[in-house]
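Here is a friendly briefing to read alongside the model. Have the sequence and the 3D view open, and follow the topics in turn.

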Amino acid sequence: MSDSWRVFAVFISGGSMVLAACGGGQTRLPEQGPKTAAAVLERALSVPLPKTLQAMSRMDSYSRGQARKADVLLRIERPGRAQFQALTPTLDLLAVLSTDGHRFVSYQRGGQRCFTGRACPRNLARLIPIELPAEQLVEAILGRPPLLSTEHKRLYWDTKRQAYRIHLGAVGARQQQDVWVHPKSFRFMAVTVDEGGKRVASIAYSGLSGPTSRQPPNVMRLKLAARDLDLSLQLRDMTLDEAIEPSTFATPCPRGTVTVNLPCEASQTRPG
């Protein structure tokens with residue numbers, strides 16, 4: 001298991017995952033489709049992702065009885081560049097987080113401090129609480145979730161969800177992952193992770209039928225047990241594959257702010 005997935009699994013969690021079941025009632029693997037877990041995952045991982053995405057989004061999160069809602073302007077570029085701007089309902093700037101994949105900058109409008117440091121998962125989660133390395137954060141938003149690294153893969157047909165279900169992890173292993181893949185588009189529908197028999201992570205995607213296979217899911221939903229958090233990110237007004245100025249991801253600290261360098265745990269740093 002990679003360190004990056006371990007960070008993600010410890011941070012986010014469980015609860016039930018909601019997926020709409022498709023009609024039809026098929027009870028076994030499609031006759032014309034792949035017959036092994038490795039083959040299904042290969043098809044899913046080969047679905048093309050856009051190079052860049054610019055979109056307005058709506059973030060709704062609920063944690064320990066507290067609700068938080070914000071409009072977020074996001075700009076992302078594979079493999080690991082991202083900028084998030086939290087906006088008021090009148091589109092005034094509230095806060096910014098930018099990363100070029102190696103370093104990050106984060107500050108609030110009117111704040112006295114500007115935070116910088118390595119682009120480790122903990123630092124990148126300061127604005128949108130998705131604790132992943134930069135490359136995996138970008139891919140997760142685009143519809144490709146982190147997968148457990150294991151040689152143990154088993155393929156099933158989920159009759160309720162009418163989808164492929166791949167189980168990752170050896171029998172009896174502490175960490176197990178289930179992955180749902182659409183049988184026609186081969187896009188990821190959801191993932192869950194269990195540790196020690198308890199649900200510790202879930203991501204579910206909806207709105208997968210865009211005008212192009214490269215369009216990201218309209219909604220990504222996460223449930224985060226460590227913070228008892230249920231978060232959804234709904235994308236709208238998407239623009240794909242348009243060039244973004246590199247300076248977008250190297251935002252300077254505002255004049256007059258005090259720069260605070262935030263450390264990372266050793267296992268969360270990346271070269272560069």
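A disulfide joins Cys114 to Cys253, with an S to S distance of 2.1 Å. Please keep in mind that this is a predicted model.

**Disulfides**

- The torsion about the S-S bond of Cys114 and Cys253 is about -75°, so this disulfide is left-handed.
- Cys114 sits in strand 6 (residues 113-118), while Cys253 sits in the loop between strand 13 (229-240) and strand 14 (258-262), so the pair ties together parts that are 139 residues apart in sequence.
- The link of Cys120 and Cys264 is left-handed, with -85° about the S-S bond.
- Cys120 lies in the loop between strand 6 and helix 3 (121-124), and Cys264 in the segment after strand 14, so this pair ties together parts that are 144 residues apart in sequence.
- Cys120 is buried, at a relative accessible area of 0%.
- If you number the bonded cysteines of the chain in sequence order, the pairing reads 1-3, 2-4.

- Strand 1 (residues 52-63) and strand 2 (residues 66-77) run antiparallel and are joined by twelve bridges.
- Across this pairing, Tyr62 stands opposite Ala67 of strand 2.
- The hairpin of strand 1 and strand 2 has two residues between the strands, and Arg64 there takes a positive phi near 50°.
- Strand 2 also runs antiparallel to strand 3 (residues 81-87), with seven bridges between them.
- Leu74 stands opposite Phe84 in strand 3.

**Nonpolar cores**

- The largest nonpolar core has 53 residues, of which Phe84, Ile141, Ile166, Val181 and Met220 touch the most other members.
- Helix 4 (residues 134-142) gives the most to this core, with six residues.
- Which residues does Phe84 touch, leaving out those up to four places away in sequence? Among them are Val72, Leu73 and Leu74, along with Ala95, Val96, Leu97, Leu127, Ile128, Leu137 and Ile141.
- A second, separate core of five residues includes Ala163, Trp180, Met189 and Ala190.
- As background, nonpolar side chains in soluble globular proteins tend to be buried together.

How values were computed. Residues are numbered from 1 along each chain as its sequence is written. This is a predicted model: local features need pLDDT of at least 70, side-chain atom pairs count only at pLDDT 80 or more; totals for chains, interfaces and linings use all residues. Side-chain values use heavy atoms; hydrogens and water are left out. A nonpolar core is a set of buried Ala, Val, Leu, Ile, Met, Phe, Trp, Tyr and Cys residues joined through side-chain atoms within 4.5 Å. Buried means under 20% relative accessible area, exposed over 50%, partly exposed in between (1.4 Å probe, protein chains only). Helices (H or I, at least four residues) and strands (E, at least two) are DSSP runs, numbered from the N terminus. Contact means heavy atoms within 4.5 Å. Two strands pair if DSSP finds at least two bridges between them. A disulfide is a pair of cysteine sulfur atoms within 2.5 Å.
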